[in-house]
Every structure is written in C-alpha cells, then in structure tokens.
Amino acid sequence: MDKMTFKTPLAIAIAAVSLGVSGAAMADATMEERLAELEARIIAAEQRADAAEQRAAQAEQQHREVVEVESDAEIEERLARVERHTNGEEGFSFNVYARSGLLIGEDGKSENGGPYLTPAGGEGGAVGRLGNEPDTYAEAIFNYRMRFDNGAKALYRTMIADGTTSSNDWTGGESDINVRQVFAEFSDLPSFTGAFENASIWAGKRFDRDNFDIHWLDSDVVFLAGTGGGIYDMQLADNWKSNLSVYGRSFADFDVVNSEDPGLEGDTDNLILTSNNYFGNWQWMVNGLSAADNDTRDIGAGQEAAENGFHTMVAYHGDSFFGMGEGNYKAAVIHGQGLGAETKNIGANGDLTDDAASTRLALYGTTYLAPKWRVAPAVLAETSEDRYAQGDAYDWATLNVRLANELTQNFEMQYEASYQWMDLDPQGYSGRNAVDGGFSKFTVAPTFKPEVGGFWKRPEIRLFTTFSDWDEELNDYGASSLGSDGFTGGQWSFGLQSEVWF
Amino acid sequence: MDKMTFKTPLAIAIAAVSLGVSGAAMADATMEERLAELEARIIAAEQRADAAEQRAAQAEQQHREVVEVESDAEIEERLARVERHTNGEEGFSFNVYARSGLLIGEDGKSENGGPYLTPAGGEGGAVGRLGNEPDTYAEAIFNYRMRFDNGAKALYRTMIADGTTSSNDWTGGESDINVRQVFAEFSDLPSFTGAFENASIWAGKRFDRDNFDIHWLDSDVVFLAGTGGGIYDMQLADNWKSNLSVYGRSFADFDVVNSEDPGLEGDTDNLILTSNNYFGNWQWMVNGLSAADNDTRDIGAGQEAAENGFHTMVAYHGDSFFGMGEGNYKAAVIHGQGLGAETKNIGANGDLTDDAASTRLALYGTTYLAPKWRVAPAVLAETSEDRYAQGDAYDWATLNVRLANELTQNFEMQYEASYQWMDLDPQGYSGRNAVDGGFSKFTVAPTFKPEVGGFWKRPEIRLFTTFSDWDEELNDYGASSLGSDGFTGGQWSFGLQSEVWF
Amino acid sequence: MDKMTFKTPLAIAIAAVSLGVSGAAMADATMEERLAELEARIIAAEQRADAAEQRAAQAEQQHREVVEVESDAEIEERLARVERHTNGEEGFSFNVYARSGLLIGEDGKSENGGPYLTPAGGEGGAVGRLGNEPDTYAEAIFNYRMRFDNGAKALYRTMIADGTTSSNDWTGGESDINVRQVFAEFSDLPSFTGAFENASIWAGKRFDRDNFDIHWLDSDVVFLAGTGGGIYDMQLADNWKSNLSVYGRSFADFDVVNSEDPGLEGDTDNLILTSNNYFGNWQWMVNGLSAADNDTRDIGAGQEAAENGFHTMVAYHGDSFFGMGEGNYKAAVIHGQGLGAETKNIGANGDLTDDAASTRLALYGTTYLAPKWRVAPAVLAETSEDRYAQGDAYDWATLNVRLANELTQNFEMQYEASYQWMDLDPQGYSGRNAVDGGFSKFTVAPTFKPEVGGFWKRPEIRLFTTFSDWDEELNDYGASSLGSDGFTGGQWSFGLQSEVWF
C-alpha cells in the first residue's frame, strides 16, 4: 500500500481538528472525532503492521530462498563442479611416481646398485631397495576424467616415463623417455545391467589395474602391461567379481633359428588372455599366453623357445598383520609354464623354453611393533627349471625387513636388512656360470617427511649408508654387476634420495 | 517528503486539544487522558512501525546488496575466475588426441595396416582407418591462457606426441616421442583496430589453425605445419576474412647431386607464404613455396628437384549434407606445382621435381539416414605427374563409407567400406614398379561409447574384424607393405582399439 | 502470535458498535468501549510491533550469520581451497620457458646463430640473443604442491625439455626431449626450529634455486644443476642466510689415458659441495668439486685432467640501477680453479686441467631512460689460462645493450647492440687455432606484447633484422660456426620468434 494514500485522509482529519472547535458538544464531537481518527490511525497502524509482518516474513523467506537456493544451490553446485575438477574427479589430474638421488661408493664414484643387481636379479630376484638405488626414475601421469549427462564416466590416462643413471640435468640424445600408458576406460554405463552393472571396459596401452607390489623390493607380485582391452568388475555371483582382458606384447627383432638368411629377424606378438577373480579377500588370476612362431627364435643350440604358456596366481589380501595385529599383509603363490614361466612380468620374456616351469612365493606385511616403531617383513622366492636350457635350474629366495622409528613429526630412522640366497645353474645359457651363495645388505637411512606415520606416506627425503656383502662365488656368474670392476663384496655406499608418489 | 514535517503539526494540534478541558467534562478528562495516552502510544506505535518498515526495507535492501554484492559479486567473481580456469578459458588446460589398440592377423601376429598401406599411400592415398590401425599414437597438448588487465589475451600451446607400433609399455630407446608444437598466440589486443580489431597474431612451431581433415581416412585435406608466424582473422571486407602467415620447414641431410665430396649432405629451408581467405562458406587458400638450393638435391639421374612451388585450394564448408538434409559436408579442390605438388602436407616433400603437378579432390559429408543410422561417405582422389621423375604419373582415388547404427545409449555397430583404385607409373623412381589395380577393405566394428550420437563423439572403444583384398599386381610396387611376407591379399584381421579426443 | 486471536475480538467489538447504540451515555459507553477496544488494539499493535522488531532484528542477525557464516565461511573456505589450486599454491601447476621461431639468412636458408656462435662461445662467451636464435626450445614444468595437517608443505617438480633447430613439427627419432628436473622440496616443517625454522630441504635432480642469469645473453651467471640434495635458508645470524647442498654430475664415457685397452672408457662423478650465503644484498657462493679418477681422462698428450676444483662467487643484487635511478642491477665476480674453472656451468666440464684458472665478471642493470624508453646494459668477461693445455689462454669480453621503446599498449621497438672481443690461444688443443679479434651484432626487432612495460614481461612475438660482422681471423678458429660455409662475416639475417615464460 502506498503510504501517501492513508496519510492523506489523516492529514484531512488533522485539518478538521485544527479548524478551532469549542464547547461540550464540541468536546464530545472532538472526542468522537479523535476516537474516529484514532480508530482510523490504528487501522492504518494495523495495516502497516500487517504489511510489515508480511514483508518480514517475505524477507525471511527470501532470505532462506535466496541464500539457500541461490548461494547454496547455484553457487554450491558451481563450486562443487569446480571442486570435482580440483579433486581430480573430473577433468585433468596429475599423478606421479618418482625417485631421484645419488648412490656413491667408497671411491667417490657412482656405485652399482638397484634391487636387481645380484645374479638372481635377472630372473626377478630383487633385494631391498633402500639405499640401493642409483637412478632418477620419474613417471608423469596425465589423467582426464569425463562425466556424461546419462551418468556414464570415462577416464583417459597417459603416462610419460623416463629412467636414467646420469646425474646430469640434460640427457638429450641418451634419454629413455617414452610413453608407457595410453588408454581409455568407461564406467557407469547405463546400458550395462545385471552382472555388468558395475563393470568398466577399457582399451589401449596400460598397466593392468590389478597389479600389486612388494614396495620394499621394488618388485610387483605380478606386473601385467601391454596393449589390449578388457572388462573389469563383472559380478558373476554374490561373492565373485571377475575381470577379463586380452593384452598384446611385442617380441621384436629376435634372431631366427636355422634361417637361410643369417640376418633374418623375427617378430611376433605375445597375446595374453587374463582373468582375475575375487572372492572376498582371495584373488585367483589365470593367464593363457600365445606367441605364434616364437618357436623359430634362436635361444641356443638344441633349445626351442615356447610358443605358448600358462600362468596362475592365488593371492590373499589380508586386513591385518597375518592375523596377529593391526596392519595388512599379502600372500601369493604363482606358477607358470612355457611363456608363463616369467612369473612377474607376465608375457614379457620370449626366451623361455616350452618346458620352462617356475613357482614363486610372495609375502609381505606391515604393522606397528610399538607406537613409534613400524616393521614390514617380506619374502620373495622362486624355483624355476628348464628356463632357457634343458636341465637349467634357478632357485632363489629373498628375505627383507624394513624397520622405521618415528622420532619427530618430520623425521624417522629407517633400517633395512636384506638377505638373498641363490642357487643358479644356467647350463651354460648365454655364457653364464653356475653359482651358489648368499647376498646381504644392510641400510641405515635418516629420513625426512612432511608428516611421518605409516609405510605408504610420501614424499620422503633420505640420507643413507649401506653395507653389502656376498659370497665370492657370485662374482663368477657373468650376467650381473657383482664381480665387475672393484665391486667384489664388502661394499659401503652412501647417498641421498627423494621418493614421491601421489 | 519528510514524515516529521507533518507529524509535528499533528502533535501540536493534539497537545492543543488536550490543554485545559474542564467540568462534565472530568470523566471526559479521564477519557481525555486515556485518549491522549492512546494518541501518544499510537504515535509511538507509528514511529515504531516507521522504524520497523525502515528496518525491513533496509533488510531487504541489504539482503539484495549483501547477497548479490557480497556472495553474488565477490564470491561470484572469485568463482567465475576459478571456473574460467576449470573450463580452460584461463590458465592451464589439457587436450588430447589418442588411439591405442591391437591389430592381429589370421596368424596371430601383428598385421600390416594403417590408412597409408597401399602403393598410393606413399603419395597420400589413404584408405579407411576403421579396423586398420596397428599403432599407439598419442598427442598430449598443454595449453596456458593468459588474460591481461588491458583486455588482451595470450595462448601458449605445446604438444608432446609419440607414435609406436610396439605393444610393450616400455619403449625407451626406440621411442619417437617429440615436441610437435610450441607457439604463442595473442588476441584482443587493444592497439589493434579497424581491419585488425579481431585479428590474432602468432609465432612458433605449430599446426596451422585452419587445417581440416577427412577423419575416416586419417587424412587432412591440407596439413600445414612448421615454424613461423602470422596473423589470423583480418577483416578485409564485410564478407572477407583473411589470414597471412609464413612457415618454415627443414629439408635436412639430403644427398647433393654432382658433388665432388661424395658424402656431402645438403640442408635448406622450405619457406611457405600462406594465405587463407574466407567468404561466407567458401575458403580460398593460396601458398607460395621456396627452398633455396633444393635444386642441388640428388633425386635420380637426369631429374632436378624443385626450388619453388605453388599451391592453392578452393574449399566449401557446407552446413547441410550436400544440401539434401541435416548434417555437414566439405568439398575441396587442390592444385599444386613444383614444391607445391605435395597437396596435403604443404611443403613437406623436397623430392618433387620442378615440373611436378598434382590436382586433388577431397569430399565428405555426414548425415542421419534414419533416426539411429548415421552415414559418412568420403572421396579423396589425386592425379599427379612429373612428380619425382620426368613422365611419371600417380593417379588414385579412394571411396569410403562409414556407417553407424546406434543400438543403445552406449553401443553402436560401425561399418566401413573402402575402395581405392590406383594407377601408378613411377618411371623407375627409387626402384618402384608401375602398378595398376584396386584395393578394398570392409570392417565391422561393435563400438562402445559413454554416450552414442554423432560422428564426432569420443572416446570410443571398438572391437573389429576387417577383410581386405587387392589386385595381385599391387604386390609388385616395392614401396608399400602390400606384397610383404604373407601379406598378399585376402587378409582377415581382428583387433580392438580405443580412440579419444577432447 | 496468531493474527486471528486479536482480530476476532476486534471483529466482535466492531459488531457491538454496529448494533445500533444511541443517546449521550450511550455515546459515552460507546466511547468507553471504543477506548477500551482501542487500548486493547494498541496493546496488540504494540505487541505486534515488538514481534515485528524482534523478527526484523532476527532477520538482520540471521542475515549476517547465514551470509557470513554459511556463505562466507564454508563456501569461502571451499572457494579459497579451490583458488589455492587455481593459483598454483596447492596441487598441480604448470610453468614454461619457451622460444620458437625462424632465423633466415640472405640466401633464404637457416642462418647460423645462437648466443654462443663465436669462438669464445665454447668457453661461455655469449653475445646478445635478440634476433640471433635459430631454435625451438621448450621447457614444460609440472609442479605439484602439497599441504599437510601439521602445516608442512612439499613441492614436487619435474621438467620435460626439448631443443631442436628443425623447423619441422615431427622430429621423432632425432628429438632431444629429456627430463631435466625431478625433485622434492619440503618446507614449513614443524620439527625444524631455531636457525632451521624457515629452512627447506630438497633431494633429486634439479636446477639450483639460486641460479640467476643475464637474460639478454642467454647466459646464467652461475648455472648449477645435477642430482643431489641440500638445505636452503638456514638463518645462521640476523643478517646471514645460508644454503648447503651436494650435487653430483656424471662424467661419462671418456677416453682413458695410457690404457692397455684402447677402447676403454672411463666414468666418474663430479661431486660438488656448494654453499650460498646471503648478507643483505650480498651473496657469497663457494663450491668445492671432486671427481675421482678424472685424472685418467685423456685430454691430450702431456696434459692431465683435474680431479678437484674450487669455485667462488661474490655477487651483489641491487635494488636500483647502479644507485643512479629506479631499476635493478646485479654484479658478480667469479673465480674458479681446476674443475671449478668452468665458471658458469659449475662442475659440467671434465676436460679442465688441474692448473686451469678462470676469473669472470658479470654485470647488468635495467632502468627507464625516459617514460617509454627502457635500457639494459650488460657486461660478461672472462680471463682463463691453462684451461685444457699448459700455457693456453682464453680471454674474452662481451658488451651488450638492449633498448626498448614502448610505442603502444601492444607494441614496442627493441634494439640490441652486442660487441665481443676475444683473444684465444688454445695451444693446439683439439685442433683449435689461436685467434684474436672482435664480433659485433646489431638487431632491430619490432615486438608485439599483450601488455608492454618492463623487461620481464612475456610472452613476446618479435620480427627482427640482424646484421653481424667480425674480424676475418676469427674464421680460422676451427671450433665455432664462424668461417663455416658462406658464413664469414657481414651477415644479414631475418626472422620472427615467440618467447614465453610464466
């Protein structure tokens, strides 16, 4: 209501009153008039109070609506979308694994190192990595996640990786930089129902989603990677999730046996059909491998390379420290034959014979021994025969313990002891000699972290001192760095390193 | 009007009335007092109502101001800036083209493939790409957009690309990874007015902005790339937009003819002055090429490589399916001479003779035949003579049809039929034999997409089966994969692949 | 209060009034009733006013609370976090240095160029870079910053870099792309107190944080890079900040002197212990270098390579233009011996003799001569002896002036004059001849910028014309591009280029 419309009659009433009325009647009349005026005024006041109440109510309502609806709905929605981008749930995101540092021997020069430095290393026999890594290795992972109106989601991932033992900044021309992953994966597809409701499909070049590792040995339990496609997370029964994929790997430029053309090189593809099956904490993986014409590969007189292979793993992913306390553990037994006898890097080795057979055990756990003391023991062991030559035998076992003592919010002492026993009888394959013996390594590493606590927290910056020693016999193997110039046992090394993942 | 101005006379009038009434009027006095009190109270109530109204008005106003100004201005402004970053309008953004998959032949090994596998492929004669790609090719495009206080904008773009036919994840040492683009582009420059008001300038290494392709053949209609600089979007007349750039390309390490030093290698630059002109839907491109001393290049006895070239294209970018329905189409006729006789990769071929002349036709369209049936026919054809040798002739034509049947929200069947006719008479250039014949390819590809609908939606994950066959004579050309080991016609291949762009 | 509760009595009162009362008493009774009613109504109105006032107050309060607390606290906090990501303070961020363009000589072919093209260039004697760069060089820097609950911060940085003189887009196979940095750095560690309170620690492969350059010569004053670790910003006294790091660099695959095995190659590490100390504007850097067994390196008959080295720099970072006006300047004197005689690229040169001694002066400043005229003079000079051979001497000095005239918001004219004097007596090292003379270069570069103003604003797009000339004697040096085919002095070159950093 316009205020002027009711103020105008009020003004008229006032004008009437002020026109000089007198006497009793006059008083009464005045009373009457004053009452009438008051009544009019109170009606007006009531109307104004009504209006004010309505406006107050409206203001309160608007307030709720505007603040909640506008700020808290539109703004919140826009902010939520931006947050999804910030959090890597939508759009671009960046992930990394990287390590870089120095490993220097007593002579002040780069020391031989790496978890695979022993004779058993060539067949996957890793030793502890702490204070034992001479390289800069970096993976830059670029992800892009898409959401579609129908609810479907897509992930694109590419990884650029490089590894070098050069400490120089510029390594152009000698660099190994390459693209290790390029794939797309779709999930939440509305057309996928029933057993496929939560399934996702993928194609391209990738590391298989289900690879897992023993971090302290820098060894995956299985590492399956290549180019292919497949489907994850089919729900085949209430307690049975299953994955099925095919991966190709290239076997390139190998010498061909009995070729009329002495320079002839063979090429083939190792095709791997793989299935992972999860039943609660249990995982059963089964792989079939086929590489047409790989039997034409020259792997030495009288030996024939495998064309096919089989590989299987049973693993348990434990939620405790072997049932004995808080923590986690993983245990796996792997068996492979023919092309499957490379138990870790599935399908990556084309030199295996048709009779090759390997069995590997992998085991690790993490727990707190005391409030500030973490421990992570690990075992990796393999027995393998007829690997590259009839009658050869490669047996090795690694025991490793990583111990950490958390001293401040940003500092902990890390210790690692590693022992590897090996008995390798290559039957003369590739000029290698039979050896039998043990390798040990002990490392002390003062370690800085932005926030201590747990084995999986990175980044870390470490200083370290390592002592390693081994049986002299291992120097004779001929296919490892043991025994190389001045590196014959009883070695001290020193260094520092950062390790990052996110 | 100030409310106090008329309330003051009212108060005075009321005061006057209440001053000295007497007698009978005593009861009346009480009445009078009560009235006066009521009047006073109503005045107070009115004042409070006034105040309440003012506060309500103020609250409403504040509400508008605070919510709009504070939340909806400051917060909205901050959010809008963040959104510009999220949306790639400011700061960093990431774009990709990538494909990765397996192409396996009947023998279980990688199959020869790629759109350029036929003898005509070497001269740009692509066939359909569906079910025909054996590689992992990935472009990672990193953009950074800047906005300046004066309204100017700048874009920096760099592209890292890699292509490999290896299915292995680690390709270090054999990788082709390289940096294909590094350039800066400025727009909205306040100093640029008149015809230059909407112009942008650039310099560096880049793919020209105006390249366009026939996607299904993996062939650009023109692909101009190199290092240089130029200006886009000069408005020369109401209906005439024009671009002008110079590009350099390196001709490196070629053998020099009649050199006294038999190992002497020549190097030069192919400089390309290029202009694109747009008149409505029409595009007219004209290019002049110059490569000093390229005539010293040894391209075979009695032949002389070109030092200069000319290249022009007239194209029409249609908003319908050839005027016959919804969709789009593009049509282009290209002619080039000398160094311009490489009609697609402008300036990339230094082996062309001075007399080389090529004419190319490119044509494609997309439309829906029925609600769930998309079709995209394409034609690419070229006639070329005196290309690398006097009297040579390279004539070829490709017809391709991609058909897609959208079956669910996430699945469609794709079909591609491709036929290429070629008549190539190299006149002995580079050991090539004259051939004449046809190549055909047919592919069926069950395809998964997060959201079906339209030819330009990616990502896709495809399975495919391809049958290809060709005239036996084509196996004799000597400069294509046709005729190589076991690849002589009637080939089946199988595979799967992801393709992504965003 | 329910409005109906007081409106109902009002309605009754009104009904009573309207039931036809008459006479004076009646009038009085009515008066009384009307007064009572009015009093009741005014009480109600007052109560309503009270309620309205409370609601208004509450609305105002709520308004403040809701808008400020909800929007301005939760939303603001979420927005602030997102902004930290957008601004590169948290999460991923992207930085770049890049240049790309053409440098063409009078013959229409790529011209020799680069700041290090003269005979002195091999020893660090740079000349002006404007209109003198023939390459595409791009650094892509990927950062990831983490914040921890305890207040600690971590930075991960990796840099992918590539440089090429090819103008082609695809340089796969010949590319120099490589990873130049991979490191982690921690700061704000709560455990670090006292002198270490503001210290940060790092490890990995990196460019040292404290490198600084003379931009116009494309020469760092010191450039220390490699793999190692250290600590920055220890507060050793009120006016003394100190850094301490160790860097390793690889000396790889060098020929070994007097080796029985003629193909034997040596490898070692050059370990650099480095400390930077800041006292106000003063910087004192001191470096010790050690490369075990580098004395076995074959650097020519009768010469012995250094195993150790020493390097020191005193620098002043000025806040004015040499105390003469607004701007800045930097001045440094560097001295090095043995492995430290490479004064700029600390530790990068293993061919230095044990007696090698170098002293370098670096000096530059920037200021405005007039409102639109900027000037930046620079001097870089070195004297060095017994560098690679007993009795050799390398003396050179470069004077450079960059001048810029800001003409519009987006355009300025840049000019650069550069003169280098050199007297090089290699004593026959590596087949080099003694030369003595001067090189001059003058460049005019019309330059476009999104926003002019200041020497440090990028991106820029430049056109340029350069004239360079030199003493004929310099063509005889044998280890520079001067004197190469047709490049003997009095050279004009032309080009365009973009330069970007952010």
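**Interfaces of chain A**

Biologist: How much area do chain A and chain C bury between them?

Modeller: Buried area is the accessible area (1.4 Å probe) that two parts lose on being put together, summed over both. Of the area between chain A and chain C, 61% lies on carbon and sulfur atoms. The model is predicted: local features need pLDDT of at least 70, side-chain atom pairs need pLDDT 80 or more, and totals for chains, interfaces and linings use all residues; side-chain values use heavy atoms, without hydrogens and water. Chain A and chain C bury about 6,400 Å².

Biologist: Which element gives the largest share of the side of chain A that touches chain C?

Modeller: In this pair, 73 residues of chain A are in contact (heavy atoms within 4.5 Å) with 77 residues of chain C. Salt bridges (a side-chain nitrogen of Lys or Arg within 4 Å of a carboxyl oxygen of Asp or Glu) number five here, and Glu76(A) with Arg78(C) forms one at 2.8 Å, N to O. Helix H2 (24-86) and strand E1 (91-105) of chain A are among the elements that give two or more residues to this side. The largest share, 27 residues, comes from H2(A).

Biologist: How many salt bridges are there between chain B and chain A?

Modeller: Residues are numbered from 1 along each chain as its sequence is written, and chains are lettered from A and ligands numbered from 1 in the order written. The contact takes 79 residues from chain B and 83 from chain A, and the two chains bury about 6,900 Å². Asp293(A) and Lys109(B) meet in a salt bridge at 3.0 Å, N to O. The count between chain B and chain A is five.

Terms used:
Helices (H or I, at least four residues) and strands (E, at least two) are DSSP runs, numbered from the N terminus.
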